[in-house]
Amino acid sequence: MQGKLNVQTENIFPVIKKFLYSDHEIFLRELISNAVDATQKIKTLATRGDCQGELGDLTIDVKIDEKKKTLTVSDRGIGMTADEVERYINQIAFSGVTDFMEKYNDNHEQLIGHFGLGFYSAFMVSDKVEIFTKSWKEEPAQHWSCDGSPEFTMNEDKNHADRGTDIVLHIADDCKEFLEESTVLQLLKKYCRFMPVSIRFGEESIWVDSETECDKDGNPKRVEKKQPRIVNDPDPAWKKSPASLADEDYKKFYHELFPMNFEEPLFQIHLNVDFPFNLTGILYFPKVRKTIDPNRNKIQLYCNQVFVTDQVDGIVPDYLMLLHGVLDSPDIPLNVSRSYLQSDSNVKKISQHISKKVADKLEEMSKKKEGEERSALEEKWDDIKIFVQYGMLTDEKFCERAMKFYLVKGVDGSYYTLDSYRERIKPLQTDKDKIVCYLYASDVENEHSYIEKAKAKGYDVLLMDSPLESHFINLLEQKIEKTRFVRVDSDTVENLIPHDDAIPEKLNKEEQERLKPIIEGEVDKQKFTVQLESLEENDAPIQVTQSEFMRRYREMAQTSGGGMGFYGDMPENYNLVVNINHPLIGRVLVETDVEKQKDLVNQLTDLALLANGLLKGEALSRFLQRSVAMI
């Protein structure tokens with residue numbers, strides 16, 4: 001028999017080669033997907049009793065013949081009759097899966113293809129493609145052949161006695177890499193490693209105990225043995241019941257997915273949804289570094305266990321791109337090559353469901369179990385805090401849920417929910433305007449002296465040290481009524497939480513007016529603003545503070561993509577707070593020797609700068625020389 005492919009254009013193959021598929025390597029996934037479908041169909045027919053007898057070995061075989069320049073994909077599935085070849089091969093884009101599902105929609109294995117174009121991806125890498133197929137029905141086997149033009153030949157094949165289909169690709173000269181075992185194995189591992197039918201390719205070496213040889217101690221020798229290589233796991237962890245898996249099973253699967261990730265995942269969420277859409281998968285929480293850049297491309301998307309992509313934007317909310325794992329859904333719409341996702345309502349529903357399941361898991365972890373000192377969330381909080389912050393900043397619904405379980409951490413290492421912490425600090429840290437003030441530090445070591453002063457007043461201090469804190473603090477101030485966050489070094493301890501009681505001033509107005517220019521004359525006015533404050537006599541004579549508002553917005557500008565450039569471009573500015581009640585400041589005012597007065601002012605100022613890590617270079621050298629001279 002000879003004929004012409006029933007298509008609307010003579011140029012279908014150039015279109016397939018150039019536009020239909022994004023990567024030539026996709027051909028192997030498509031051909032094996034078809035083989036899997038054929039195998040699943042024969043299983044369905046056997047289950048229904050339509051196909052009698054033993055099914056035999058249903059393993060799919062992939063073979064390379066370098067001499068003949070062929071790559072063959074063989075299955076022992078349903079096969080095709082002459083009419084079916086005419087219908088499903090010669091009429092491009094008429095899918096046999098669609099036909100089969102319409103007939104057996106009440107009982108069938110999961111089938112992959114729906115577009116009827118996957119087979120033709122073979123022509124992207126081949127000069128010629130042959131099909132040898134025999135149907136499960138009692139009809140003659142068929143041999144179909146096409147050289148990439150619309151012309152084909154099809155004849156009965158008396159040599160193909162077994163049920164199933166062999167697709168033989170005569171690889172083109174410019175695609176010889178697909179005749180290399182390492183290349184084909186890499187593609188099989190990438191696209192087919194979890195397909196639901198076993199795939200056999202080549203051989204692998206294993207070490208076993210010898211049955212005939214022993215070592216000097218009488219123990220069997222370890223000998224190398226060749227065995228057929230099965231490249232896939234047809235029953236991956238995400239397809240199993242969560243109740244059947246232990247933590248070790250989840251960890252083993254994680255390292256199977258990401259062999260170069262040597263750290264253990266913190267915990268995981270097993271997704272298993274069948275209404276209103278189908279979704280299975282496992283999402284792992286990795287240990288998140290102190291970075292705001294999502295570690296993308298670590299979630300793999302599958303459709304009925306066939307790898308589609310690791311570009312899951314749109315399906316997975318942006319903040320969840322920090323997670324690792326697998327999602328599998330036949331309800332995510334794909335274009336004909338399965339290479340790109342199309343946005344529709346199902347995708348949005350899946351995205352919302354994933355976000356909800358993450359919130360459910362975190363809320364569940366936040367509840368302490370009877371007899372336990374810490375919740376599971378507290379134990380892992382430092383490793384996932386930035387992830388939760390990222391989610392709250394970018395997803396309003398997640399934020400509403402997270403407000404219930406979000407934890408703040410004290411500088412002493414204690415954890416509190418937002419509600420419990422507010423109740424804890426409310427009595428002492430409510431200012432004169434009835435605003436509850438949350439004091440925090442971003443670096444315990446560098447801000448140690450400020451933390452100690454706050455603690456001496458009986459105040460609580462939080463540790464807020466992620467790169468997102470400035471943005472996150474703004475969010476909390478919006479979400480929690482009558483709340484203000486203040487870093488401990490943003491003002492003197494007396495002014496961090498303003499009260500009505502004022503400390504009496506030891507210097508009158510006239511003395512203060514004489515003192516201020518003396519201090520200002522020894523500091524860089526572009527960088528420091530001198531403020532005279534009435535503080536406790538035992539407080540430091542001079543302190544360095546930085547405006548909470550300006551510092552916070554500068555940090556936000558530095559970590560946001562734009563729109564706050566004005567703040568980000570502003571130079572750092574500090575307040576030099578002079579304690580007018582300290583005896584040394586009184587000495588500055590009464591010192592008549594101008595040089596000694598300058599030395600005293602510089603020494604007190606440098607001490608304040610040194611305490612904040614701001615004294616460096618030449619200024620630090622001068623301070624050391626002056627200190628020795630004064631001693």
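Buried here means under 20% relative accessible area. The model is predicted.

**View 1. Helix α18, residues 594–611, end to end.** The helix has 18 residues. From first C-alpha to last, α18 reaches 26 Å. That is close to the 26 Å expected at 1.5 Å a residue.

**View 2. The buried residues of α18 and their neighbours.** Buried positions include a run from Leu600 through Val601, Asn602, Gln603, Leu604 and Thr605 to Asp606. Gln597, Ala608 and Leu609 are buried too. Helices α14 (509–520), α17 (583–590) and α19 (617–630) are among the elements that these buried residues pack against. So are the strands β20 (528–533), β21 (542–545) and β22 (574–579).

**View 3. The two ends of α18.** At the start of the helix, Asp593 points a side-chain oxygen at the backbone nitrogen of Glu595, to within 3.0 Å. Just after the helix comes Gly613, with a positive phi of about 70°.

**View 4. The second largest pocket.** Its space comes to about 560 Å³. The lining has 23 residues, and Phe267, Gln268, Lys361, Glu364 and Met365 are the closest to the pocket centre.

**View 5. What lines the second largest pocket.** At least two lining residues come from each of α6 (247–257), β10 (267–273), α7 (345–365) and α8 (376–394). Helix α7 gives the largest share, five residues.

How values were computed:
Residues are numbered from 1 along each chain as its sequence is written. This is a predicted model: local features need pLDDT of at least 70, side-chain atom pairs count only at pLDDT 80 or more; totals for chains, interfaces and linings use all residues. Side-chain values use heavy atoms; hydrogens and water are left out. Helices (H or I, at least four residues) and strands (E, at least two) are DSSP runs, numbered from the N terminus. The expected span of a helix is 1.5 Å times one less than its number of residues. Buried means under 20% relative accessible area, exposed over 50%, partly exposed in between (1.4 Å probe, protein chains only). Contact means heavy atoms within 4.5 Å. A polar contact is a pair of N or O atoms within 3.5 Å; within protein, one must be able to donate a hydrogen and the other to accept it, and residues adjacent in sequence count only if both atoms are side-chain atoms. On a 1 Å grid over the protein atoms alone, a cavity is a set of points where a 1.4 Å probe fits but cannot get out, and a pocket is an open set with protein on both sides within 12 Å along at least five of seven lines; lining residues have an atom within 4 Å of a point. Grid points are joined across faces, edges and corners, and a volume is the space filled by probe spheres set on the points. Ala, Val, Leu, Ile, Met, Phe, Trp, Tyr, Cys and Pro count as nonpolar, Asp, Glu, Lys and Arg as charged, and the others, Gly among them, as polar.
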